[in-house]
Amino acid sequence: MSRTLTIEIPGELDRQLVLEAERRQIPLEELVLQFIAQSFQSSEDEIDEDGEPKALVLSSLRASLRDIEEGRILPIEDLWNGIDD
């Protein structure tokens with residue numbers, strides 16, 4: 001499925017995008033689509049402050065949310081049982 005999207009680009013940004021599209025010898029629309037796709041990819045490839053890939057952290061959070069939604073949870077008190085044994 002594709003969608004038509006109309007955006008208004010401020011003057012200076014428009015000028016920079018046009019110059020970059022010309023430099024790469026591609027249509028402006030393709031350049032904008034590449035930037036959008038790249039921004040989604042790069043955010044998943046980033047590393048968080050603990051050195052973990054953000055995609056791994058997001059995956060773990062999604063799994064945890066599924067566990068909560070499906071009732072697979074323990075009271076916090078039970079998590080500490082037997083920790084000192």
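I started with aspartate 67, which is partly exposed at a relative accessible area of 29%; here buried means under 20%, exposed over 50% and partly exposed in between, with a 1.4 Å probe and protein chains only. Before going on, I noted that this is a predicted model, where local features need pLDDT of at least 70, side-chain atom pairs count only at pLDDT 80 or more, and totals for chains, interfaces and linings use all residues. I also noted that residues are numbered from 1 along each chain as its sequence is written, and that side-chain values use heavy atoms, with hydrogens and water left out.

**Aspartate 67, continued.** I found aspartate 67 in helix α3, residues 54–69. Leaving aside neighbours within four places in sequence, I see aspartate 67 in contact with Arg72 and Ile73 (contact: heavy atoms within 4.5 Å).

**Whole chain.** I looked up the elements next: 4 helices and 0 strands, running α-α-α-α from the N terminus. Helices here are DSSP runs of H or I with at least four residues, strands are E runs of at least two, and numbering goes from the N terminus. Of the 85 residues in the chain, 8% are buried.

**Glutamine 25.** I went to the loop between α1 (11–24) and α2 (28–45), where glutamine 25 sits. Its phi is near 60°, a positive value in a residue other than glycine. Most residues other than glycine have a negative phi. Glutamine 25 is exposed, with a relative accessible area of 71%.

**Core.** Which residues make up the largest nonpolar core? I listed 5 in all: Leu17, Ala21, Ile26, Leu31 and Val32. Both α1 and α2 supply at least two residues of this core. The term covers buried Ala, Val, Leu, Ile, Met, Phe, Trp, Tyr and Cys residues joined through side-chain atoms within 4.5 Å. I then followed leucine 17, which touches Ile9, Leu28, Leu31, Val32 and Phe35, not counting residues up to four places away in sequence.

My last stop was the largest pocket, with a volume of about 280 Å³. A pocket is an open set of points on a 1 Å grid over the protein atoms alone, where a 1.4 Å probe fits, with protein on both sides within 12 Å along at least five of seven lines; lining residues have an atom within 4 Å of a point. The volume is the space filled by probe spheres set on the points. I found Ile9, Leu28 and Val32 among the lining residues, along with others including Arg3 and Glu29. By class, the lining has 7 nonpolar, 1 polar and 2 charged residues.

How values were computed:
Nonpolar A, V, L, I, M, F, W, Y, C, P; charged D, E, K, R; others polar.
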